[in-house]
Amino acid sequence: MKISRIETFTTRYICLVHVIAEDGLDGWGQTAPYNADITAMILHRQVAPHAIGADAGDIGALVSRIAEKELKFPGSYLYRAIGGLDTALWDMKGKRAGKSVAELLGGRPRPLRIYGSSMSRKVTAEEEALRLTRLHDDLGIDAFKFRIGAKAGHDGDAWPGRTEAIVPAVSKALRDKADLLVDCNSCYSVPRAIEVGRMLEDHGIGHMEEPCPYWELEWTRTVREALAGLDVTGGEQDCELPTWRRMIEMRAVDVVQPDVLYLGGICRTLEVARHAREAGLPVTPHCANRSLVSVFTLHLMAAIEGGGPYVEFSIEPPDYQPWELGIYRPALTITDGRVDVPDGPGWGVEIEPAWLEAATRQIS
């Protein structure tokens with residue numbers, strides 16, 4: 001069945017993609033968040049012309065063909081736009097088969113363990129330790145990630161001494177109750193990353209994400225080789241498959257962390273997961289907000305071989321990033337430290353009409 005129309009519904013932060021086939025069957029997807037209005041323009045200008053009239057069922061071939069046709073425009077925005085098309089087509093494919101995307105991928109919807117992901121560097125050590133302990137006690141979450149250093153911080157910190165305070169505070173509160181992870185967001189040089197990593201090892205932290213500028217793969221590998229007591233992880237920012245192959249082949253990281261929407265959709269993420277599986281590396285995708293990317297990632301993790309022991313899930317309150325809420329129903333909720341994979345056809349969620357009414361609509 002051929003694609004007859006592509007619509008986008010866009011705010012500055014979110015772009016939903018609605019794909020309609022010749023027989024009227026539809027599917028919903030989403031591009032990567034942030035500057036989503038720019039991504040929507042690229043989708044209509046550089047993705048939709050290749051997709052209209054194409055076979056809606058052969059998603060992988062279509063995604064590859066668009067990337068090849070747009071060879072003069074490699075990079076993040078193109079793959080963000082392609083990811084919106086890809087995820088909408090997977091929804092349509094599931095609806096046509098009467099199956100969830102997880103089932104199409106060989107898995108099944110079920111509750112998945114999460115790690116509660118803290119997004120803020122404004123929180124103090126004492127506040128973070130109390131908050132994570134409360135979430136452990138109230139919601140049964142038994143794995144948490146918190147932020148250290150400063151984003152692309154050149155060895156700096158959110159304020160002097162924050163990292164040295166927050167690591168022991170969270171460890172003291174939760175070391176015997178939960179798996180603990182940190183995210184450095186490309187903060188450190190190699191010497192400083194190793195120094196911080198050894199402090200993390202001393203406090204029982206098991207996961208150090210993106211310790212060095214993510215484009216410096218050799219730096220990250222050096223840190224990984226120096227730290228035997230925890231996993232050095234990364235990959236969320238990377239959208240080019242050759243970069244992923246190189247990262248995996250050189251074993252720059254212990255755990256690969258593709259983002260379904262930064263990378264360009266389910267098909268391209270499955271390719272990364274295949275390379276990781278062949279190399280014996282686990283996959284724990286980046287999934288840092290509660291927009292549809294959380295739904296996509298849950299379905300993926302319910303199916304892939306070699307998936308990590310948990311799925312990232314934001315624990316921030318509704319006023320932290322209000323743009324990520326109210327997009328679909330039912331909302332994802334945490335019970336006993338787990339989140340259910342929606343079990344209806346396709347993604348198993350319905351788009352909220354009120355959200356669509358408030359967005360800007362474009363049609364190809």
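A pocket, on a 1 Å grid over the protein atoms alone, is an open set of points where a 1.4 Å probe fits, with protein on both sides within 12 Å along at least five of seven lines; its lining residues have an atom within 4 Å of a point. A volume is the space filled by probe spheres set on the points, which are joined across faces, edges and corners.

This is a predicted model, where local features need pLDDT of at least 70 and side-chain atom pairs count only at pLDDT 80 or more, while totals for chains, interfaces and linings use all residues. Residues are numbered from 1 along each chain as its sequence is written, and side-chain values use heavy atoms, leaving out hydrogens and water.

**View A. The largest pocket holds about 680 Å³ of space.** Look for Tyr34, Arg147, Lys151, Asn185 and Glu236, which lie nearest its centre among 26 lining residues. Helix α3 and strand β5 (143-147) are the elements that each give two or more residues to this lining; helices (H or I, at least four residues) and strands (E, at least two) are DSSP runs numbered from the N terminus. The lining has ten charged, eight polar and eight nonpolar residues.

**View B. The second largest pocket has a volume of about 180 Å³.** Its lining includes Leu135, Arg290, Pro317 and Glu324. By class, eight lining residues here are nonpolar, three charged and one polar. Pro counts as nonpolar, and Arg and Glu as charged.

**View C. Leu16 is in contact (heavy atoms within 4.5 Å) with residues such as Trp28, Leu292 and Trp355.** Its other partners include Phe9, Ile327 and Ile351, leaving aside residues up to four places away in sequence.
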